Amino acid sequence: MLGPPRSHSILCKCKLLPSVMAYLAGNHGNLTEEQVHCSICLDVFTNPVSIPCGHNFCRNCILDYWKTTSLFQCPMCKKTFFKRPDISINTVLREIAEQFKGIRVSNAEHLQQQELKEERELQVKMDEQKKKEQEEKKTEQEMRKKEQEEMVEKQQKLLQELRLKQEMQKLQLPQLQRTTSKEPEKPVEVKLEVSSEEKLEEPPAVLPSSPTQILWGDVSCDVCIGQRMKAVKSCLVCLTSYCGEHVKNHNARFTKHKLIEPVANLEERMCPKHERLLELFCKKDHVCVCVLCTETDHRAHYTVPVEREWTDKKAQLKKTELDVQQMIEERLKKVEEIKHSVELNKSSAQREVEDSMQVFQELFRSIQRTQAEFVLAIEEKQRATERWSQGLIEELEQEITELQRRNTDLGYLSRTEDHIHFLQSFPALCIPPTTKDWSGTRIQSELCVGILRRAVSKLEEALNSEIDKLVDTELKRILKYSVDVTLDPVTANPWLQLSEDCHQVRHLGAWQDLPDVPERFNTVVIVLGREGFTTGRHYWEVQVGDKDDWYLGVAKESVNRKGRIAVSASHGYWALAMKKGQEYRVSTTPPLTLNLDTKPKRVGVYVDCEEGQVSFYDVEEKSHIYTFMEDKFREKLFPFFYLYCSDKQSDTILICPVTETIKQC
């Protein structure tokens with residue numbers, strides 16, 4: 001069967017393209033950039049082509065992919081073709097991709113303008129916040145001063161009251177001693193023989209306490225009438241507590257009753273069902289029982305005397321007590337550690353403030369110095385111009401004087417009637433005097449073009465020099481957060497080969513038959529680190545060398561690992577990338593292209609989970625590349641590596657040990 005003519009197909013595409021472009025322009029929010037990404041290079045299509053199975057790829061990507069394998073198969077669905085399919089450029093998809101590239105550029109410009117606006121607003125807010133903090137600090141100091149004055153006043157008043165009270169007690173103490181000495185045999189019923197006025201004035205605190213007075217929490221005697229004495233023993237048979245006097249009478253009458261240390265609520269020590277003493281402990285049900293309970297509800301249960309169980313539990317309680325004490329000691333140490341860390345943090349913050357003051361003062365001095373040099377240069381140029389112009393004016397005035405003299409002579413000669421004198425003077429006066437050609441002489445109204453720009457450029461050099469110093473200090477600080485990152489073979493794409501120590505990865509150029517577990521990336525050539533991070537600060541370095549197509553950074557634990565993947569921060573990837581040897585970019589949304597002066601060969605990655613920070617550094621150049629700032633990471637993060645190569649094999653990406661002196665791994 002013959003297909004439609006080629007002219008008809010071209011006409012259909014021409015009709016379809018404007019409608020697609022209109023949809024893209026008006027509804028680009030419904031069509032995401034990931035839908036026009038090549039699943040091989042993870043970038044927007046460049047010269048997209050379609051293969052018979054219906055999937056689309058960049059023309060160079062699919063051709064390079066077929067060079068790496070003996071079979072012509074689709075990288076997505078793995079459909080195999082007996083010969084290399086004929087491919088042609090998909091013009092509609094190419095136009096859509098070009099539109100997205102244009103949108104990416106405009107979005108990047110808009111994002112840059114928005115960042116500048118936010119920086120200005122942030123500066124204004126910081127100034128307002130600083131002013132507000134100064135006012136609050138001043139108000140707080142005034143309130144603290146007022147509180148201290150009030151506290152001193154209260155302390156003085158309390159001190160005066162205390163002295164007055166002590167003087168009153170000294171006056172009352174001799175009379176109290178005389179009264180108590182008259183009645184030594186009745187210490188409980190002491191009555192002070194004083195007048196009613198003195199009795200009202202006496203504070204109750206001076207009354208002596210009886211040695212048998214019942215304190216809060218003590219058990220009282222159940223036999224005493226009137227004022228109860230403190231119990232010294234409790235009888236488990238009588239269910240009564242006795243003081244020292246009454247326990248003597250009890251022991252004389254009941255010699256076989258069991259006495260224990262005084263306890264309250266003796267009724268609770270009786271079995272509510274059999275009204276017998278709880279003498280046994282059931283090991284199975286963990287309850288106290290009486291003898292009759294072992295014949296009924298707790299028949300055949302293992303029981304022991306409560307004294308034995310008390311001994312065992314007391315030993316266990318002692319061990320628990322030791323454990324609790326150890327826990328208390330550990331937490332006290334942790335409290336001290338936290339306090340010490342807070343003090344160190346406070347000292348560090350103070351040092352940061354002092355260093356920042358020094359840095360900003362140096363920058364201010366550089367600005368003032370550059371401004372002074374600029375003003376001096378302008379003034380010197382102005383003076384030089386004035387001197388030059390003054391010289392020109394004097395030279396012109398001399399010529400004007402000479403010309404005026406010649407003009408006077410010519411006027412006189414033109415009016416003379418002496419023919420002989422006229423003819424004799426005419427040859428000397430008819431020739432104009434020798435003068436300078438002033439047609440090209442000009443004084444420029446503008447002093448000098450570009451002098452201000454050159455002055456600001458010098459200031460920029462000083463600022464860049466200061467930034468380099470800060471980056472160097474920053475790199476030295478983060479070295480203490482170094483971690484040993486190893487690659488996880490379970491997550492590695494079958495095209496990737498790991499070293500035995502799991503510190504190196506390369507593109508093998510051949511598909512490996514590996515189990516397709518849920519953790520493995522089955523389409524995109526990605527491998528994750530084995531160790532994940534949820535808290536703390538972490539730093540590692542990666543040797544990328546001269547490789548021209550790679551990503552590295554961190555990824556969330558929940559990222560998609562099957563099929564097409566979009567590497568962007570909105571999808572859980574915070575990464576730095578080198579794309580096709582042409583440009584460096586970071587995985588923002590949209591991707592942001594970086595203009596780097598040098599090509600990084602060894603990249604440092606720093607992650608601060610609490611601050612939501614991911615930073616990249618050029619280790620050899622000791623320069624900062626880019627920093628992601630998030631509110632907070634809510635998932636576990638893993639080191640992330642992507643390596644693609646269209647050749648049979650590629651060089652390795654190597655995770656290097658971190659050292660202060662930079663060496664080649």
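Me: Which residue in β21 stands opposite Y617?

Reply: That's H624. Before we go on, this is a predicted model, where local features need pLDDT of at least 70 and side-chain atom pairs count only at pLDDT 80 or more, while totals for chains, interfaces and linings use all residues. Residues are numbered from 1 along each chain as its sequence is written, and side-chain values use heavy atoms, with hydrogens and water left out.

Me: What makes β20 and β21 a pair of strands?

Reply: Two strands pair if DSSP finds at least two bridges between them. Strand β20 (residues 613–618) and β21 have 6 bridges, in the antiparallel sense, so they pass that rule. The strands themselves are DSSP runs (E, at least two residues), just as helices are runs of H or I, at least four residues, all numbered from the N terminus.

Me: Why are β11 and β21 called edge strands?

Reply: They belong to an open antiparallel sheet of 7 strands, ordered β11-β12-β23-β14-β19-β20-β21. Each of the two, β11 (496–498) and β21 (623–629), pairs on one side only.

Me: Why is K458 called exposed?

Reply: Buried means under 20% relative accessible area, exposed over 50%, and partly exposed in between (1.4 Å probe, protein chains only). K458 comes out at 55%, so it counts as exposed. K458 sits in helix α8 (residues 451–478).

Me: What makes D516 and K562 a salt bridge?

Reply: The rule asks for a side-chain nitrogen of Lys or Arg within 4 Å of a carboxyl oxygen of Asp or Glu. Here the closest N and O atoms are 2.7 Å apart, so the pair qualifies. D516 lies in the loop between β12 and β13 and K562 in the loop between β15 and β16, so the bridge ties together parts 46 residues apart in sequence. D516 is exposed at 53%, whereas K562 is partly exposed at 27%.

Me: How many salt bridges does that rule give?

Reply: The count is 23. One of them joins the side chains of D297 and K273, at 3.1 Å from N to O.

Me: Why are E380 and R383 said to be about one helical turn apart?

Reply: Because they are 3 residues apart in helix α6 (residues 306–415).
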